[in-house]
Amino acid sequence: MEYQPVLTHQERNYGMVNPGYEPAAQGRPAMFAPPAAPPADFTGPSAPPASMFDNMPGYEGTLAGGGAGGGGFLPPPMPAFPTPQPQPAPEQPSWNIPSITENTAREAFALFASSKCCYSAAPAKDGVITSMDAFNTYRYRLETFTESRSTEWSHEPYHGQPVDAFAQPPPGPWEVPAKLPSFFMEDKQVMKVPYTSSMKACHVCVGMGRKPCKDCAGAGNKVCWVCNGSGYRHGDDRCHHCSGRGRENCTPCHGQGSKQCDTCQGKQQLLVYINLTVKWTNNSDNYVVEQSSGLQLDNLSKVSGKELFKDSQYMVYPVMGFPDPAVVNAAQRLVNEHQGKYSSTSRILQQRQTIELIPVTRVTYSWKGKSHIYFVYGNEFKVNADDYPATCCCTVM
C-alpha cells in the first residue's frame with residue numbers, strides 16, 4: 001500500500017511535501033520520508049542449514065545443538081578385555097554401637113531449645129527424663145560413578161583458528177582423551193573433536209558480516225517520536241528534536257540501517273566443528289530401614305551416622321551377611337538397577353556401597369505433671385521436638 005503522509009494545516013495550504021532531509025524553512029512544510037519496507041529475509045535463518053555440516057565418519061548422527069549434546073548420549077564401546085568380576089566384601093565383626101547417655105540427651109535438648117527464639121528453656125532445664133528407647137536405623141547407600149559422552153555441531157566466529165577437517169579421519173567419540181577426575185567427584189569437560197573443524201560462510205548474515213537493523217527496518221531513521229513525523233510541535237513551531245525533518249536517526253544502528261552480525265561478530269565466516277561433552281556423574285541411591293520410633297524418615301537425610309561398612313570396586317557385589325534382611329534385599333535390588341540403568345548410556349568407572357548406623361533415641365520426659373517426647377538422632381545429636389510444651393509467638397518489629 002502506498003505511503004500517505006498525514007498533512008498538517010500548513011502543509012495542506014502549501015499542497016506540497018519537501019522531498020529532502022533538510023530542515024524545513026520558516027513557514028514551509030516539513031520533510032516526510034516513507035518508512036523503508038523490511039527485506040524479505042529480515043530476521044535471517046534461526047538455525048544453520050544442514051549443508052553447513054560436513055559428513056564426518058563416526059559422527060553421522062550428530063546434530064546442531066544448543067549446548068546439551070545434539071547427538072544424544074553415545075553408548076560406550078565394548079571393552080577390549082574382560083571386565084573384572086565383583087568380589088564379596090569380608091563380613092564385618094560388629095554391626096551395633098552403644099546408645100547415647102542420658103546426659104548427652106539432656107544437653108542436646110537444652111541446645112535445641114536455646115536455638116529457638118520462641119521456645120522457653122524451662123522444659124529442657126526442668127524436665128525429668130523418665131525413659132530412653134534406642135531405635136538404631138541402618139542406611140544403605142549405593143554410588144555408581146559414570147562417564148557419559150555426547151556430541152553436537154557447534155560454531156564460533158572465524159578469526160584464524162586452525163582448519164583441519166578431512167586432514168585425517170577424526171578419532172571416535174570414546175577415543176578422544178579426557179582428564180579423569182577423582183572417583184565420585186562430578187565434573188564436565190567440553191572439547192573440540194580433532195579433524196572436524198572447517199570454515200563456512202555465516203548462515204545468519206549470508207557472509208555479509210552485518211544484518212538489517214530491526215529497530216528501523218534497515219532505513220537508518222525512524223519517525224520522530226516527539227512530533228510524530230509532522231515536523232512541527234505546535235502550530236508553526238518547528239520540532240527541535242528532528243529539526244523539522246519529521247524523522248530521526250536510528251540510535252541502535254547509528255543511522256547506518258544495519259548492525260554487526262552477532263553470530264559471526266562481523267567476521268563473515270564461521271568455524272564449524274563438532275563439540276564433545278564428557279560428563280562424570282555420581283549416581284547415588286539410599287535405602288533407610290523403616291523403624292517404629294515415630295520420627296519421620298525425612299529427618300534422617302539431614303544427618304550422618306557411624307559408617308559400619310564400605311566396599312569400593314569397579315563393580316560391587318551385593319552386601320552379604322548383614323543381620324537385617326531388608327538391607328540385604330535393598331542392596332541386591334539397587335546393584336541390579338544401577339548396572340542395568342547406567343551401563344547402556346554411560347561407562348561405569350567405579351561403584352561404592354556403604355552402610356551407616358544412624359542412632360535414633362526417643363526420650364520421654366515429664367514437665368509440669370505431663371509427659372512429652374523428643375528425639376535425638378544422628379552423629380550430630382540433632383533434636384526433633386514437635387510437641388515442645390512451652391512456646392510463644394514472637395513479633396519482630
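Colleague: Why is Leu295 called buried in this predicted model?

Modeller: The relative accessible area of Leu295 is 5%. Buried means under 20%, exposed means over 50%, and partly exposed lies in between, with a 1.4 Å probe and protein chains only; Leu295 is therefore buried. Residues are numbered from 1 along each chain as its sequence is written. The model is predicted, so local features need pLDDT of at least 70, side-chain atom pairs count only at pLDDT 80 or more, and totals for chains, interfaces and linings use all residues, while side-chain values use heavy atoms, without hydrogens and water.

Colleague: Which residues does Leu295 contact beyond its neighbours within four places in sequence?

Modeller: With contact taken as heavy atoms within 4.5 Å, Leu295 touches Leu300, Val360, Phe375, Tyr377 and Asn384.

Colleague: Where does Leu295 lie among the strands?

Modeller: Leu295 belongs to the loop that joins β9 (269-288) to β10 (306-313). Strands are DSSP runs of E, at least two residues, numbered from the N terminus.

Colleague: What makes Gln265 partly exposed?

Modeller: Its relative accessibility is 46%, so Gln265 falls in the partly exposed class. Gln265 sits in the loop between β8 (258-260) and β9, and has a positive phi of about 55° although it is not a glycine.

Colleague: How do you know that Gln268 is partly exposed?

Modeller: The relative accessible area of Gln268 is 35%, which means that this residue counts as partly exposed. Gln268 is in the loop between β8 and β9; its phi is positive, about 75°, although it is not a glycine.

Terms used: Helices (H or I, at least four residues) and strands (E, at least two) are DSSP runs, numbered from the N terminus.
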